[in-house]
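Happy to go through this one with you.

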Amino acid sequence: MPKSGNSVNPAQDTWVFDMQAETWSLLETTGTTPAGRRNGCVMHDTVHGRMFVFGGTPNGKVSEKGLFVLDLVRGAWSEVAGEFPHVRSSGMGFFDAKTGRVFCGFGNDDDVYLDTNGFGYDD
């Protein structure tokens, strides 16, 4: 049930699905947990065991700022510092193992955007 009239009512928790046991478990995380949102751009780095989150909306009206990374081994969130393109919601993303870059593109906010942005991220 939505809280405080927010029809999105986003959660801030992270869950893990064990494909062999076919069970879900809550991942206890530390660090700078991003605000709950929907329709964010999520990129999974399978080489280094990380998940990136950019954009998304907490209320269906505005997009959240910041680029966040979750170390999937340690369960630790951190916010990546730097200048980023205009934040938006409903984008798509992927990790390119050959170049070590995550890409996030398209989506919408106050205007429609038709671009793709690559974020280099050093280990």
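Q: Why is Asp45 called buried?
A: In this predicted model, Asp45 has a relative accessible area of 0%. Buried means under 20%, so Asp45 qualifies.

Q: What makes Arg50 and Asp45 a salt bridge?
A: The closest N and O atoms of Arg50 and Asp45 are 2.5 Å apart. The limit is 4 Å between a side-chain nitrogen of Lys or Arg and a carboxyl oxygen of Asp or Glu, so the pair meets the rule. In general terms, side chains of opposite charge can pair when their charged atoms come close.

Q: Is Arg50 buried or exposed, and how do you know that?
A: Arg50 has 10% relative accessibility. That value is under 20%, so Arg50 counts as buried.

Q: How many salt bridges are there, and what makes Arg74 part of one?
A: The count comes to two. Arg74 pairs with Asp71, with the closest N and O atoms 3.5 Å apart. Since the cut-off is 4 Å, this pair is a salt bridge as well.

Q: Why is Arg74 called exposed?
A: Arg74 comes out at 62% relative accessibility.

Q: Where is Val73, and how do you know whether Val73 is buried or exposed?
A: Val73 sits in the loop between strand 6 (67-71) and strand 7 (76-80). Its relative accessible area is 74%, and the threshold for exposed is over 50%, so Val73 is exposed. Val73 and Arg50 are 23 residues apart in sequence, with their C-alpha atoms 8.0 Å apart in space.

Q: Why is the pair of Phe94 and Phe103 called stacked?
A: The ring centres of Phe94 and Phe103 are 5.0 Å apart, and their planes lie at 10 degrees. That angle is under 30 degrees, so the pair is stacked. Phe94 has a relative accessible area of 40%, and is therefore partly exposed; Phe103, at 17%, is buried.

Q: How do you know that Cys41 and Cys104 form a disulfide?
A: The sulfur atoms of Cys41 and Cys104 are 2.4 Å apart. The cut-off is 2.5 Å, so the pair counts as a disulfide. The structure holds one disulfide. Both Cys41 and Cys104 are buried.

Q: Which elements make up the chain, and how many residues are buried as a percentage?
A: There are zero helices and 10 strands. Of the 123 residues, 32% are buried. The accessible surface of the chain is about 7,800 Å², and carbon and sulfur atoms account for 51% of that surface.

Note on methods
Residues numbered from 1 in each chain as written. Predicted model: local features only at pLDDT ≥ 70, side-chain atom pairs only at ≥ 80, totals over all residues. Heavy atoms only, no water. Buried < 20%, exposed > 50% of the residue type's maximum accessible area, 1.4 Å probe, protein only. Phe/Tyr/Trp six-rings, centres within 6.5 Å; stacked < 30°, edge-to-face > 60°. Helix = DSSP H or I, 4+ residues; strand = E, 2+ residues; numbered from the N terminus. Areas by Shrake-Rupley, 256 points an atom, 1.4 Å probe, with all protein chains shown as cover.
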